[in-house]
Amino acid sequence: MEIYMLYNDNVSMGYLIIEDLRRPLNENELQLLPFRTMDEEDIDDIKNTIKIDIVLDGDDYSSEERGIFEEFAMDLVDGKPHCAYLCKTHVNEKFFYELPVVPGPADYQKLLELVKSGFNISDHIFEHEHLMHLSQD
C-alpha cells in the first residue's frame, strides 16, 4: 500500500493510492474495458491486480491533468506482464474540507474507505513519525 499526496505549486490537489491486491481479477473487474474484450487465454495469464486510485478535491481538473496523474502512477508501479491495472479517479470535496493539516492514521483510513479498499491501517499499527515522507519536484 502506497499513499502519495499530489501537489502542484505548493497546493494540494489530491491523493494517489496504489494497492497491490495480490489476486487475479474478480468477476466485476472482468466486465471492465479492456478486460471484457480480451481472449480467455490472456485473462488466464493475469495473476495479480494493482489498484490505482486518484482522489481529487474537485471536478475542476482537465482530462489532460488527470492523465498526468495516471501517467505518474504508472511510473511508480513495477509493470509486469502478468499484472492487471485498475485506475479510477474519485472526487470528494468534503473529505478534503474535513482533513486536518497533518493527517493521521484515522484520516488515512477514511481515505482508504473512500476508495473501497480492503486495507485496514489498524491491522498494521505504526508510529506516525515512522511514515516515510517523500517529495518529488
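Phe72 is partly exposed, at a relative accessible area of 26%. Here, buried means under 20% relative accessible area, exposed means over 50%, and partly exposed lies in between (1.4 Å probe, protein chains only). The model is predicted: local features need pLDDT of at least 70, side-chain atom pairs count only at pLDDT 80 or more, and totals for chains, interfaces and linings use all residues. Residues are numbered from 1 along each chain as its sequence is written, and side-chain values use heavy atoms, with hydrogens and water left out.

Six aromatic pairs are found in a search of the whole structure. In one of these, the rings of Tyr4 and Phe72 have centres 6.5 Å apart and planes at 80 degrees, so the pair is edge-to-face. Rings of Phe, Tyr and Trp (its six-membered ring) pair if their centres lie within 6.5 Å; planes under 30 degrees apart count as stacked, over 60 as edge-to-face and the rest as tilted. Tyr4 sits in strand β1 and Phe72 in helix α3 (residues 63-76), so distant parts of the chain, 68 residues apart, are linked. Helices (H or I, at least four residues) and strands (E, at least two) are DSSP runs, numbered from the N terminus. Phe95 and Phe96 form another edge-to-face pair, with 5.3 Å centre to centre and 85 degrees between the planes. Phe95 is buried at 10% relative accessibility. Phe96 is buried as well, at 16%. Ring pairs join Tyr15, Phe95, Phe96 and Tyr108 into a cluster.

Four strands form an open sheet in the order β1-β2-β3-β4, with mixed pairing. β1 (2-8) and β4 (83-91) stand at the edges with a single partner strand each, so one side of each lacks a neighbour in the sheet. Two strands pair if DSSP finds at least two bridges between them. Strand β3 (residues 48-56) pairs with β4 in the parallel sense over nine bridges. Ile54 has Thr89 in β4 as its bridge partner.

The largest nonpolar core has 13 residues. Such a core is a set of buried Ala, Val, Leu, Ile, Met, Phe, Trp, Tyr and Cys residues joined through side-chain atoms within 4.5 Å. β1, β2, β3 and α3 each supply at least two of its residues. β3 gives the most, with four. Leu6, Leu16, Ile18, Ile52, Ile54 and Phe69 have the most contacts inside this core. Beyond its neighbours within four places in sequence, Phe69 is in contact (heavy atoms within 4.5 Å) with Leu6, Met13, Ile54 and Leu56. Another core, of 11 residues, lies apart and includes Val55, Phe95, Phe96 and Val115.

Lys51 lies in strand β3. Lys51 is buried, at 13% relative accessibility. Its side chain makes a polar contact with that of Asp53 (3.3 Å). A polar contact is a pair of N or O atoms within 3.5 Å; within protein, one must be able to donate a hydrogen and the other to accept it, and residues adjacent in sequence count only if both atoms are side-chain atoms. Leaving aside neighbours within four places in sequence, the contacts of Lys51 include Ile17, Leu86 and Lys116.

Helix α5 (residues 105-114) lies across β1, β2 (11-20), β3 and β4. Asp107, Tyr108, Gln109, Leu111 and Leu112 are buried in α5. The buried residues of this helix pack against β1, β2, β3 and α4 (93-98). Lys116 follows α5 and has a positive phi, near 60 degrees.

How values were computed. Axes are lines fitted to C-alpha atoms, for helices over the stretch in contact, and angles run from 0 to 180 degrees between N-to-C directions.
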